[in-house]
Amino acid sequence: MENQYNYYLTIFLVLIFPFFYKYFFNSRRNNLPPSPLAFPIIGHLYLLKNKPLSTLTSLSAKYGPVLYLRYGSIPVLIVSSPSAVEECFTKNDIIFANRPRTMAGDWLTFNYTAYIWAPYGQLWKILRRLTVMELLSSNSLQKTSNVRDQEVVNFTRSLFKFCNGRSRNVDLTNWICTFSFNLMNKIVAGRHLVSEEDAGMGKGIAMIERLKGIFIVDLPVLNMCDFLPLLRWIGYKGLEKKMRLVHNQRNEFLNNLLEEFRLEKVSVVNREKQNTLIGTLLSLQESEPEFYTEDVIKSIMLVIFIAGTDTSSTSLQWAMRLLLAHPEALHKLRAEIDSQVGNEHLLNESDLTKLPYLHSVINETLRLYPPVPLLLPHYSSEDCTVGGYNVPKHTILLVNIWAIQRDPQVWKEPNEFKPERFEAMEGEKEGFNYKLIPFGMGRRSCPGATMGTRAISLALGALIQCFDWQSAGEENLELSYNSRINIQKIKSLEAICTPRSNFVQLLSQL
Ligand code: HEM
């Protein structure tokens with residue numbers, strides 16, 4: 001029996017030896033970045049399973065800020081220091097400007113035309129330029145500042161009505177998502193998704209839950225099936241089926257928006273006047289139908305919905321969660337708003353430059369709880385070097401900003417919520433010298449950073465200006481941040497809200 005066991009063990013070791021040999025000696029010979037030992041065939045895929053974010057962070061602490069893994073046969077580079085980030089997004093920016101092809105990409109991007117996921121090339125350039133020019137440049141943001149201001153008025157007014165002159169327990173997650181979806185839909189289609197009367201009530205709550213099920217879904221951008229195609233063929237965890245379902249729901253939602261817009265039979269001139277994204281896209285479709293196909297139009301709308309709602313609403317919830325846990329910071333922020341804005345008008349975009357502490361609170365929130373902690377995956381198109389190591393082409397790059405933004409060698413008391421730290425950092429160069437990069441860097445960085453920051457600042461500012469807040473219960477903040485590989489899901493947030501007595505007059509006149 002024992003002989004038989006030894007016999008099989010020897011055969012097993014002989015079979016796996018070439019994989020270890022190839023991996024171990026090749027990595028030495030080729031000057032690849034440091035890496036833990038890999039299993040045959042699956043490589044380091046086992047690390048993708050539980051809490052990938054904390055696993056990657058502890059591996060980087062052990063092996064260094066330039067770490068090399070192999071998921072199945074695909075090389076993955078994980079960087080977690082400001083200097084490595086700088087190298088990736090300056091010297092190697094074009095090389096890493098691609099995105100990998102994945103199962104999520106196959107199903108959720110209208111055949112890679114959704115430019116958040118499109119390969120680096122002509123289509124990506126045209127679509128990114130279009131949305132920047134139409135929506136996200138400082139010029140267009142200037143033109144649409146009244147839309148954001150008005151959305152904050154609507155949001156504050158409905159919350160005031162909901163409170164009905166007393167303290168009420170509010171589901172802040174639902175309210176904040178209502179604000180984000182309404183703002184984005186206003187920009188995309190010129191109308192709200194949840195009416196003011198329905199906000200916070202049964203119908204409005206149900207609508208937001210439906211929208212979250214379509215746009216804020218728990219589907220990993222990278223998963224096991226991307227690295228072991230066999231798993232995809234056997235339908236691993238029903239992931240592909242779920243992605244197909246989500247694609248169909250999104251497609252139906254976007255088709256309905258387009259159809260409604262077309263049914264209104266708005267003339268081309270009026271559409272442009274309405275200043276909505278759909279209006280602009282349909283006009284472009286009329287002049288260049290071969291390029292602006294129905295799928296391309298839907299992919300642009302999708303990008304704005306996906307990229308703009310989840311990230312902004314998650315950050316806003318974190319900001320409120322942190323302020324509730326740190327009443328001294330909340331009072332300091334309120335004192336700044338009271339002295340700079342007062343109680344004669346609701347805070348608006350032109351006030352934002354006078355509120356540096358508000359800006360610091362948002363920076364500190366994005367430092368501690370970046371909504372996209374590994375950025376979106378990048379993909380190299382050529383061989384290059386990072387940190388003195390060779391990185392082969394067709395490597396996936398993950399940037400662990402969670403680790404950088406909490407690194408004690410980079411930040412003093414990194415786990416403390418201290419917005420004041422940013423007051424002393426004004427004037428540092430890009431991304432605070434690559435130490436704070438919640439929007440990414442380089443050519444694939446977030447084009448909506450300014451719009452996102454303004455929307456969060458306005459909504460947060462108005463919530464603190466007009467209402468008193470009390471936490472609805474103690475909770476462990478760290479536990480609410482789960483270690484998913486892409487956008488973080490946040491536990492829902494409840495708080496007790498009371499209209500401030502010296503704001504009742506202003507609020508009743510909104
Ligand atoms: C707090 C708010 C936001 C955060 C933290 C955020 C963060 C990010 C991050 C980390 C990326 C990936 C960068 C990379 O791959 O290196 C990204 C990409 C992107 N974001 Fe944002 N974002 C926010 C708001 C917005 C808004 C409001 C919009 C538009 C309305 C937007 C549009 C996009 C687009 C289109 C991309 C893809 C860029 C490309 O692949 O070329 N984001 N964002």
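1. Let's start with strand 1 (residues 66–71): six of its six residues are buried, so the strand is largely enclosed by the rest of the structure. Here, buried means that 20 or more other C-beta atoms, placed from the backbone, lie within 10 Å of the residue's own. Strands (E, at least two residues) and helices (H or I, at least four) are DSSP runs, numbered from the N terminus. Val 66, Tyr 68 and Arg 70 point one way from strand 1, while Leu 67, Leu 69 and Tyr 71 point the other way.

2. A word on the source: this is a predicted model, in which local features need pLDDT of at least 70 and side-chain atom pairs count only at pLDDT 80 or more, while totals for chains, interfaces and linings use all residues. Residues are numbered from 1 along each chain as its sequence is written.

3. Which strand does strand 1 join? Six bridges link strand 1 to strand 2 (residues 74–79), and the two run antiparallel. Two strands count as paired if DSSP finds at least two bridges between them. Leu 67 has Ile 78 as its bridge partner in strand 2. Two residues lie between the strands of this hairpin, where Gly 72 takes a positive phi near 60°.

4. Next, have a look at the open sheet of three strands, with the order 3-9-8 and antiparallel pairing. Strand 3 (168–171) and strand 8 (467–471) stand at the edges with a single partner strand each, so one side of each has no neighbour in the sheet. Four bridges join strand 3 to strand 9 (residues 494–499), and Arg 168 stands opposite Cys 497 in strand 9.

5. Now for a pair of helices. The axes of helix 15 (residues 294–325) and helix 17 (residues 356–368) come within 9 Å and cross at roughly 105°. Axes are lines fitted to C-alpha atoms, for helices over the stretch in contact, and angles run from 0 to 180 degrees between N-to-C directions. That makes helix 15 roughly perpendicular to helix 17, a label for angles of 65 to 115 degrees.

6. Finally, what surrounds the ligand? The shell holds 25 residues, and the closest are Gly 308, Gly 440, Cys 446, Gly 448 and Gly 452. A residue counts as near if its C-beta atom, placed from the backbone, lies within 6 Å of the molecule. Helix 15 gives the most to this shell, with seven residues. Helix 20 (449–466), like helix 15, supplies at least two.

Conventions. Parallel < 35°, antiparallel > 145°, perpendicular 65-115°, else oblique. Buried ≥ 20, exposed ≤ 12 C-beta atoms within 10 Å, placed from the backbone.
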